Amino acid sequence: MNNFVDLYDALKILNDITVKRNSKVINIEQAFGKTSCKTITSPFDLPDCNTSRMDGFAINSSISDFTKPFNVVDEIYAGEISSKTVKKNEAIKVATGAKLNDDIDMVVPFEYITYVDEKLFLTPQKNSYIQKKGSTIKKGDTIIEKNEIIDHRKIEILATLRINCVEVYRPVKIALISTGSELTEYFAKYTHILNSNYYMISSFLNNFDTEVTYLGIEKDDFESIKSKLKINIEDFDVLITIGGTGYSKADIIEDVVKSLGGKILINGINASPGKTFKFALIDEKPFFIIPGNPHSAIVCTELFIGFFLRGLSDKNLLIKTPVKFKLNKKQNFYKIIKSITVIEDDNLVSYDLYQYNNKGFRSLTIVDKNKTELNEGDLCDTFLLFYL
Ligand SMILES: Nc1nc2c(c(=O)[nH]1)N[C@H]1C(S)=C(S)[C@@H](COP(=O)(O)OP(=O)(O)OC[C@H]3O[C@@H](n4cnc5c(N)ncnc54)[C@H](O)[C@@H]3O)O[C@H]1N2
Ligand code: MOO
């Protein structure tokens, strides 16, 4: 009964789990928040030739005499290139973004020109105002790493590089099952307990790249739970059940996992809430067994499922923040607090959710197992979820 897995070992186990996910090719407009399944490199230098950073006159300063006037031989706009070569004291009127031939070594911005007797004089510049070929990105540079989550900044670069499609992982397909003979879906049925955990978990999962299928409520009964899992294992990447982790019912889930040839890797942890959380692999598929108690269900969903889903692409998931609350707790057990992490005086600090119900990172604060007393200002591991 007491072979709890240490909380940090449990997180490590979850971090090492990989999910086999199929891929699909999508247009970059749909790529925000998706995970690239390939490394993408640049097909060419960016810019692909020298370009002007300013509106002004492009010249070959090394052969020109600035005490003499300049002749304008051509005019070009952004993206255009001139067929002319600039000779001594010749200039091409250029717009920002115009392409420059190799003989041009300086652009004199419009602010630094004068006309004397309608003749154009240019003031030499310290800065060349030329963006060099390949200075932003070199051909072959990595633009997006394998397993990187694509954002709008990277999408802009992909578009500039004329890459309009990317291969990304399909959303993680998750099956969700509530267990408990006492549960109901009907809001008006007051004789039963409403399946509120379903709303919590499904809305949480919708923040990730997932496709969630709700498979309904099953009674606390070995055969019902077993057959529900058995017929669905093949179609999903991840399975989640809620409830039935406590001492009266735990055997059912454990027996179901064993009867399906699965292996329980986490059978309770030394943390509160979360003591009865379990995790198994069935046919190599991750199976999260979340406690039914709603407070515990929230914490376990955020920490274990959130950690797992984020861990599929992210590496550094925990940061240290000072807390703004105190508490006493029992030794040898971690305490997990639903917190809100905010910026104060340029630093992140974590408040107990019930002290600070406002804008900030939804987070979990992990109070170390060795502590019996936590004071304001003490540093704790913090798992940041999302900013709301
Ligand atoms: N003798 C002991 N009993 C319990 C212990 C213990 O150490 N010794 N641990 C407690 C802890 S900690 C937890 S957590 C719960 C785990 O219980 P289960 O996972 O088996 O959950 P249930 O018994 O099915 O339900 C508990 C509670 O939560 C309600 N519930 C369940 N599912 C949902 C749902 N989908 N939506 C809303 N509410 C739900 C359920 O009706 C019960 O009220 O065990 C303790 N017991
Ligand atoms: O497993 Mo219970 O989660 O300690 O609240």
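In this predicted model, T365 stands opposite T382 in β28. Strand β28 covers residues 379-387 and runs antiparallel to β26, to which five bridges join it. Strand β26 also pairs with β24 (residues 334-344), again in the antiparallel sense, over seven bridges. In that pairing, K338 stands opposite L364 in β26. Five of the seven residues of β26 (residues 361-367) are buried, so this strand is largely enclosed by the rest of the structure.

The shell around ligand 1 contains 20 residues, of which E182, N195, T245, G246 and K275 come nearest. By class, six of the shell residues are nonpolar, eleven polar and three charged. At least two shell residues are supplied by each of β15 (193-194), α3 (196-205) and α6 (294-311).

| Ligand 1 atom | Residue with the polar backbone atom | Distance |
|---|---|---|
| Nitrogen | S196 | 3.3 Å |
| Oxygen | G244 | 3.3 Å |
| Oxygen | N293 | 3.2 Å |

Taken alone, ligand 1 exposes 870 Å², and the protein buries 69% of that area.

According to the domain assignment, the protein has domain 1 (7-21 + 171-311), domain 2 (24-43 + 138-169), domain 3 (51-131) and domain 4 (318-384). The centres of domain 3 and domain 4, taken over C-alpha atoms, are separated by 60 Å.

Key. Residues numbered from 1 in each chain as written. Chains lettered and ligands numbered in written order. Predicted model: local features only at pLDDT ≥ 70, side-chain atom pairs only at ≥ 80, totals over all residues. Heavy atoms only, no water. Domains from an automatic or database assignment. Near = heavy atom within 4 Å. Polar contact = N/O pair within 3.5 Å; in protein donor to acceptor, adjacent residues only side chain to side chain. Areas by Shrake-Rupley, 256 points an atom, 1.4 Å probe, with all protein chains shown as cover. Helix = DSSP H or I, 4+ residues; strand = E, 2+ residues; numbered from the N terminus. Nonpolar A, V, L, I, M, F, W, Y, C, P; charged D, E, K, R; others polar. Buried < 20%, exposed > 50% of the residue type's maximum accessible area, 1.4 Å probe, protein only. Pairing = 2+ DSSP bridges.
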